[in-house]
Amino acid sequence: MQVLRPITANDFAALKQIAIESGHGFTSLPVDDNLLLEKIDRAERSFAKDINKPHDETYLFVLEDSKTGQVIGTTAIEAAVGMSVPLYHYHLGKTVHHSRTLNVYNTVDILSMCNDYTGCSEICTLFLREQNRKGLTGRFLSRSRFLFMAQHSERFADTVIAEMRGVSDEKGHSPFWQWLQEHFFSIEFPQADHLVGLGDKVFISELMPKYPIYANLLSKKAQAVIGKVHEKTKPALKLLEKEGFEHRGYVDLFDAGPTVEAKLGNIRSVRESQVCPITIAELAHINEKSSDTLAICNQGVNDFRSTFTKHAHYNHAKHTLIVSQEVANALKLKQGDAARFFRL
């Protein structure tokens with residue numbers, strides 16, 4: 001069984017290995033011991049807080065194989081971005097050049113730097129180790145965050161965003177950044193990417209062009225990747241689109257990858273999830289009725305647990321969720337406790 005839980009200090013070595021495996025472009029997990037330890041500490045403090053509105057909390061989770069104890073993936077939620085360090089994006093808009101006299105009418109795409117997503121919640125840091133990318137595990141890791149957000153909605157903003165990794169080659173070089181580097185910077189994309197991951201974003205406000213950029217002045221290669229995702233990120237984007245996330249023209253400053261958004265209450269997994277008491281029953285009894293795979297969580301914060309299983313069945317007539325003892329144990333639930341679930 002695979003169980004999602006809050007990260008602890010004991011998970012440092014596993015998190016560092018995931019950071020190494022994630023490679024270029026995964027700015028939220030740079031390979032830096034101090035920063036990773038800081039992220040874990042911040043997450044532990046966030047889960048321990050008693051709050052009723054979002055500020056700058058980070059909820060960092062790990063996915064653990066209950067049989068081996070091995071951490072096989074991670075994911076996170078930022079409660080409110082841009083509150084302490086500014087969050088920058090480009091917004092892709094249009095401007096019109098029109099002359100009635102010359103009979104000219106041209107529409108041009110422009111990129112304008114902005115901080116429009118300040119205060120929004122962000123789902124981020126989604127990574128599943130390659131050997132575990134099979135079955136429903138990836139889907140669960142992505143959607144399980146919404147169980148936590150639905151259960152503890154007071155901790156999150158009304159708008160939820162996700163920054164998707166943009167196009168770069170195997171060495172981590174971005175066609176979009178190469179154009180920016182040529183005209184405004186003198187550092188390589190991996191270095192800029194690393195600085196952002198370390199939280200050093202001062203150079204953005206110091207060196208980024210302040211005025212809108214005409215997209216047609218960029219190189220053809222740079223224009224071609226605006227709003228496009230990395231090949232390995234396409235499955236994650238498709239999952240979010242099924243959840244109701246949309247791209248509204250905001251892209252990353254460095255690789256031009258799209259940022260997608262949705263209202264928390266409109267997210268499919270949040271909307272379709274429901275809470276009811278559990279009944280613990282024999283496995284054979286459940287298997288006779290169970291056909292769906294359910295994603296289930298308890299109602300905790302610091303002791304949050306979530307898993308996905310076929311060993312559970314929702315009884316509509318009695319409004320109860322029937323689960324096996326193994327599932328109840330994994331979720332730290334006892335007879336009569338309430339759980340939240342949706343069909344995976």
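Predicted model: local features only at pLDDT ≥ 70, side-chain atom pairs only at ≥ 80, totals over all residues.
Colleague: What about the accessible surface, and how much of it belongs to carbon and sulfur atoms?

Modeller: The accessible surface is about 16,400 Å², and carbon and sulfur atoms account for 48% of that area.

Colleague: Let us go inside. Which residues have the most contacts within the largest nonpolar core?

Modeller: Those are I123, F148 and F245, in a core of 51 residues. Helix α3, residues 137-151, gives the most to this core, namely 7 residues. As a general point, nonpolar side chains in soluble globular proteins tend to be buried together.

Colleague: Take F148, then. Which residues is F148 in contact with, leaving aside neighbours within four places in sequence?

Modeller: F148 is in contact with F47, Y59, F61, I77, F156, G300, V301 and F304.

Colleague: Is F148 buried or exposed?

Modeller: F148 is buried, with a relative accessible area of 0%.

Colleague: How many aromatic pairs does the count come to?

Modeller: The count comes to 15 aromatic pairs. One of them joins F47 and F148: the ring centres are 5.9 Å apart and the planes are at 75°, so this pair is edge-to-face.

Colleague: Why does the pair of F47 and F148 tie together parts that are apart in sequence?

Modeller: Because F47 lies in helix α2 (residues 33-48) while F148 lies in helix α3, the pair ties together parts that are 101 residues apart in sequence. F47 is also buried, at a relative accessible area of 2%.

Colleague: And what is the geometry of the rings of F61 and F148?

Modeller: Their centres are 5.3 Å apart and their planes are at 75°, so the F61 and F148 pair is edge-to-face. This pair links distant parts of the chain, with F61 in strand β2 (residues 58-65) and F148 in helix α3, 87 residues apart. Both F61 and F148 are buried.

Colleague: Which residues form one aromatic cluster with F148?

Modeller: The cluster consists of F47, Y59, F61, F148, F156 and F304.

Methods. Residues numbered from 1 in each chain as written. Heavy atoms only, no water. Areas by Shrake-Rupley, 256 points an atom, 1.4 Å probe, with all protein chains shown as cover. Core = buried A, V, L, I, M, F, W, Y, C linked by side-chain atoms within 4.5 Å. Buried < 20%, exposed > 50% of the residue type's maximum accessible area, 1.4 Å probe, protein only. Helix = DSSP H or I, 4+ residues; strand = E, 2+ residues; numbered from the N terminus. Contact = heavy atoms within 4.5 Å. Phe/Tyr/Trp six-rings, centres within 6.5 Å; stacked < 30°, edge-to-face > 60°.
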